[in-house]
Amino acid sequence: MNSEFTIAVHSLVYLAYLPERMAPSEAIAENVSTNPARIRKVMSCLRRGGYVDTREGAGGGYRLTLDPAVVNLADIYRLMAQGSVIPSWCSGDPDMDCVVGSNMREVMDGIFCRAEKQLEAYFGGITISDVLGQIKECSDC
């Protein structure tokens, strides 16, 4: 899992939390605890995906373009981090004479692909509004 996914979810939840649902990258960065340039990079992906829009000038920034109750974490995962569960390297070599060594890569690819599908299915049941609701419950404690 990459940090861009977490930054994207955090940023969207923060925008959903704001009554005016508009914030500059500096305010989002402060809330996320990262730098504004990193926020702008993530928000650029979210903008291309249709989740946020920008407004220039005084009082400008980023705003949600979709209802947070319909944006689920699977959508954001696919945009920001799809494939991150699957390692970039796997042991074994298909040309080996050993049945373990020659098949390990294919078997592990299948295992990781199924794990990613299960993760996406789980994320599909969680919306930005759900995350915000859990956060609000934490503040009630």
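**Sheet pairing and helix packing in a predicted model**

In strand β3, the bridge partner of Ala 23 is Tyr 62. The model is a predicted one, so named at the outset: local features need pLDDT of at least 70 and side-chain atom pairs count only at pLDDT 80 or more, while totals for chains, interfaces and linings use all residues. Residues are numbered from 1 along each chain as its sequence is written, and side-chain values use heavy atoms, with hydrogens and water left out.

The Ala 23 bridge belongs to the antiparallel pairing of β1 (residues 22-23) with β3 (residues 61-64), which extends over two bridges; two strands pair if DSSP finds at least two bridges between them. Strands (E, at least two residues) and helices (H or I, at least four) are DSSP runs, numbered from the N terminus. Within this pairing, Met 22 stands opposite Arg 63 of β3.

On β2 (residues 52-55), antiparallel pairing with β3 runs over four bridges. Here Thr 54 has Tyr 62 as its bridge partner in β3, and Arg 55 stands opposite Gly 61. The two strands β2 and β3 form a hairpin with five residues between them, and Gly 57 in the turn has a positive phi of about 85 degrees.

Taken together, the three strands form an open sheet in the order β1-β3-β2, with antiparallel pairing. β1 and β2 are the edge strands, each pairing on one side only. Helix α3 packs on the sheet and touches β2 and β3, its direction making about 115 degrees with that of β2. Such angles run from 0 to 180 degrees between N-to-C directions, and axes are lines fitted to C-alpha atoms, for helices over the stretch in contact.

Attention now turns to the helices. The axes of α1 (residues 3-17) and α4 (residues 73-80) come within 9 Å and cross at roughly 135 degrees. That angle makes α1 oblique to α4, on a scale where under 35 degrees counts as roughly parallel, over 145 as roughly antiparallel, 65 to 115 as roughly perpendicular and the rest as oblique. On the α1 side, Glu 4, Phe 5, Ala 8, Val 9 and Leu 12 meet Leu 73, Ile 76, Tyr 77 and Met 80 of α4, contact meaning heavy atoms within 4.5 Å. The residues of this contact divide into eight nonpolar, no polar and one charged. In this grouping Ala, Val, Leu, Ile, Met, Phe, Trp, Tyr, Cys and Pro count as nonpolar, Asp, Glu, Lys and Arg as charged, and the others, Gly among them, as polar.

Helix α4 also packs with α5 (residues 99-124), at an angle of about 135 degrees and with the axes 6 Å apart; α4 and α5 are therefore oblique to each other. Leu 73, Ala 74, Tyr 77 and Arg 78 of α4 make this contact with Glu 116, Leu 119, Glu 120, Phe 123 and Gly 124 of α5. Its residues divide into five nonpolar, one polar and three charged.

Finally, a search of the whole structure finds six salt bridges, each a side-chain nitrogen of Lys or Arg within 4 Å of a carboxyl oxygen of Asp or Glu. One of them joins the side chains of Glu 26 and Arg 40 (3.9 Å, N to O). This pair links distant parts of the chain, with Glu 26 in α2 (residues 25-32) and Arg 40 in α3 (residues 36-48), 14 residues apart.
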